[in-house]
Structure formats: C-alpha cells, structure tokens
Amino acid sequence: MPANSALDFDAVFNRLRAVLARHAPDMVVVHDTPGNYYLDTPINGPNKKPLFFGAVQIKKNYVSYHLMPVYMYPDLLDGLSNNLKKRMQGKSCFNFKNVDEPLLAELSTLTEQAYDRLAREHLSGR
C-alpha cells in the first residue's frame with residue numbers, strides 16, 4: 001500500500017466529516033457511510049432537485065471535500081490562503097492526503113461562511 005494508507009485517509013475523512021457535519025441539523029443527510037458523507041440543502045433549485053451543500057469522500061489518492069456554495073458565491077474564496085488554494089481541484093473541491101490543522105481550520109471557517117451566505121440568501125423565510 002502507498003505511503004498514504006487507507007488508515008491515514010480515514011483520519012482525514014473523519015476530520016473533514018466533522019467540519020461538514022456541524023451543519024447537518026439544517027441539511028438533508030443523503031449519505032453517511034464510511035468514506036462518503038453527503039449533505040443537500042432542504043431547498044430545491046431551479047431543476048426542482050435539492051441544492052447540494054457539500055460532501056466528503058475517500059478517493060483512491062486523496063480525500064475530497066466538496067463545498068458547493070463556493071461555486072455559487074465565488075467571492076467566498078477571496079482572501080483564501082495560497083496553501084488552501086493549492087488544495088483546490090475545480091471550483092468547489094479541496095483535496096487532502098493528511099490532516100493539516102491550520103488548513104482544516106481555514107476550511108472550517110470557509111464552510112461556516114458558505115453556510116451563513118446560503119442561509120441568508122436561500123434558507124431564511126422558508
């Protein structure tokens with residue numbers, strides 16, 4: 001097995017899952033299995049399907065953290081550190097191979113800001 005073993009990825013997954021799970025009470029948990037945690041918002045988008053909020057998934061070479069509000073509101077990424085930007089793949093996905101507490105703290109703050117923005121613009125007055 002490569003240097004990044006499944007056990008290392010489990011630790012990364014659990015730490016990232018905890019960041020996302022803070023918002024589960026206001027979301028719809030679609031998947032909650034080992035290696036896959038997925039949240040939808042309780043509101044439907046223009047296609048009449050629930051808006052995706054975020055997910056954490058163990059992949060072959062990394063653990064991915066998806067945060068859809070940063071795709072919807074790209075200004076949320078303003079001021080993001082270069083180190084966290086380096087973890088980005090695409091517009092709303094961050095990949096991790098190990099637990100990096102400063103980056104996880106920054107990602108946690110970003111997730112909180114994303115939730116607050118989504119709540120303000122879409123969840124209030126439902």
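Biologist: In what order do the six strands form the open sheet?

Modeller: Strands of a sheet pair through backbone hydrogen bonds, either parallel or antiparallel. Here the order is β1-β2-β3-β4-β6-β5, with antiparallel pairing. Strands (E, at least two residues) and helices (H or I, at least four) are DSSP runs numbered from the N terminus, and two strands pair if DSSP finds at least two bridges between them. This is a predicted model, in which local features need pLDDT of at least 70, side-chain atom pairs count only at pLDDT 80 or more, and totals for chains, interfaces and linings use all residues. Residues are numbered from 1 along each chain as its sequence is written, and side-chain values use heavy atoms, without hydrogens and water.

Biologist: How many residues lie between β1 and β2 in their hairpin?

Modeller: Two residues separate them, and Gly 35 in the turn has a positive phi of about 90°. Strands β1 (residues 28-33) and β2 (residues 36-44) are joined by five bridges; Val 28 is partnered with Asp 40.

Biologist: Which residues touch the most other members of the largest nonpolar core?

Modeller: Nonpolar side chains tend to be buried together in soluble globular proteins. A nonpolar core is a set of buried (under 20% relative accessible area, 1.4 Å probe, protein chains only) Ala, Val, Leu, Ile, Met, Phe, Trp, Tyr and Cys residues joined through side-chain atoms within 4.5 Å. Of the 31 residues here, Leu 16, Phe 53, Tyr 65, Phe 94, Phe 96, Leu 107 and Leu 110 touch the most other members. Helix α4 gives the most to this core, with eight residues.

Conventions:
Buried means under 20% relative accessible area, exposed over 50%, partly exposed in between (1.4 Å probe, protein chains only).
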